[in-house]
Amino acid sequence: MPEIELKTKNQTLERPTDIVISKIKEMINAGVLKPGDKLPAERKMAQDFEVGRTQIREALHKLEFYGIVKTLPQSGSVINGLDINTLDGLISDVLNLQNYDFYSLVETRFVLEVNAIRLCAQRWNSKDMEVLEKAHDNYVKSFDSADRVSNDFAFHRAIAEGCHNPVFKAMLLIVIPDIMTIYQRDRICAPNTAVVEEHTNMLKAIKMRDGDLAAQLMGEHLQGVVDFAKSRLTQHENELN
């Protein structure tokens with residue numbers, strides 16, 4: 001693969017995922033892709049962009065989290081129905097995100113999600129519950145498939161949407177895609193049937209509108225990842241000393 005350098009205001013982007021996002025941005029700016037258009041197949045994009053299909057999927061997951069693309073069942077990914085200037089600005093924002101360290105991302109996620117689920121339990125409406133239940137069902141159905149991680153985060157995103165605080169949601173949409181990329185790259189989250197039960201219990205607490213219980217369950221759910229990220233940080237610091 002030839003060396004490709006793509007620069008933002010403060011850094012050089014060399015990650016294959018960022019290369020894919022930038023290439024999609026170029027296609028939108030050139031009019032090759034318009035709002036509502038279907039993206040090329042993963043295999044073709046991997047060939048055209050000279051990256052692996054894994055990097056194509058990571059880029060599409062990230063764009064989907066930010067609402068830039070959406071995936072339709074059995075139809076592939078399409079560009080969301082936003083105007084060109086909005087799409088261009090959104091993609092530029094994604095590319096300008098800093099490379100935060102894993103522990104900082106996880107610690108921030110912990111604080112945000114514990115409070116987001118408390119608010120979700122207090123504020124959800126019937127539409128929110130429909131989205132939550134569907135996201136939970138999708139996670140359970142995909143537990144033994146490659147879509148498990150993305151559906152796991154879709155459930156957490158539904159909680160963020162149900163808290164009806166756009167700042168919480170926006171902040172989670174900044175940290176979650178990068179955490180997901182690290183999870184997939186380093187194979188951090190192996191399938192664990194306990195997670196299904198934890199999601200089920202959190203959903204029950206939300207339905208009961210018990211914010212304190214929901215927050216407690218979310219904290220317990222994420223604590224293992226926080227501990228793991230802390231151990232990685234400590235190990236890294238020890239290696240530097």
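Reader: On what basis are residues numbered, and which pLDDT do local features need?

Author: Residues are numbered from 1 along each chain as its sequence is written, and side-chain values use heavy atoms, with hydrogens and water left out. This is a predicted model, in which totals for chains, interfaces and linings use all residues, side-chain atom pairs count only at pLDDT 80 or more, and local features need pLDDT of at least 70.

Reader: How many salt bridges are there?

Author: A salt bridge is taken as a side-chain nitrogen of Lys or Arg within 4 Å of a carboxyl oxygen of Asp or Glu. By this rule, the count is nine.

Reader: Which residue forms a salt bridge with Glu-26, and where do the two lie?

Author: Both residues of the pair lie in helix α1 (residues 16-29), three residues apart, about one turn of the helix; helices are DSSP runs (H or I, at least four residues) numbered from the N terminus. An α-helix has 3.6 residues a turn, so residues three or four places apart point the same way. Glu-26, at a relative accessible area of 41%, is partly exposed, that is, between buried (under 20%) and exposed (over 50%), using a 1.4 Å probe and protein chains only. The salt bridge, at 4.0 Å from N to O, joins Glu-26 to Lys-23.

Reader: Which residues are linked with Glu-42 in a network of salt bridges?

Author: Glu-42 and Arg-53 form a salt bridge whose closest N and O atoms are 3.6 Å apart. This pair links distant parts of the chain, with Glu-42 in helix α2 (residues 42-49) and Arg-53 in helix α3 (residues 53-65), 11 residues apart. Glu-42 is partly exposed at 24% relative accessibility, and Arg-53 is partly exposed at 33%. The residues linked with Glu-42 in the network are Arg-53 and Arg-57.

Reader: What is the orientation of α2 to α3?

Author: Contact, meaning heavy atoms within 4.5 Å, brings Glu-42, Arg-43, Met-45, Ala-46 and Phe-49 of α2 to Arg-53, Ile-56, Arg-57 and Leu-60 of α3. The axes, which are lines fitted to C-alpha atoms over the stretch in contact, with angles from 0 to 180 degrees between N-to-C directions, come within 9 Å and cross at roughly 110°. Because angles of 65 to 115 degrees count as such, α2 is to α3 roughly perpendicular.

Reader: Which residue forms a salt bridge with Asp-212?

Author: The pair links distant parts of the chain, 94 residues apart, with Asp-212 in helix α10 (residues 211-240) and its partner in helix α5 (residues 102-123). With the closest N and O atoms 3.5 Å apart, the partner of Asp-212 is Arg-118.

Reader: How many residues of α7 are buried?

Author: Helix α7 (residues 148-162) reaches 21 Å from its first C-alpha to its last, close to the 21 Å expected, where the expected span is 1.5 Å times one less than the number of residues. Its buried residues include Phe-153, Phe-155 and Ile-159. Of the 15 residues in α7, the number buried is 12.

Reader: How many Å apart in space are Asp-101 and Leu-233?

Author: Asp-101 has its place in the loop between α4 (84-95) and α5, and is partly exposed at 37% relative accessibility. Asp-101 and Leu-233 are 132 residues apart in sequence, while in space their C-alpha to C-alpha distance is 8.8 Å.

Notes: Angles under 35 degrees count as roughly parallel, over 145 as roughly antiparallel, 65 to 115 as roughly perpendicular and the rest as oblique.
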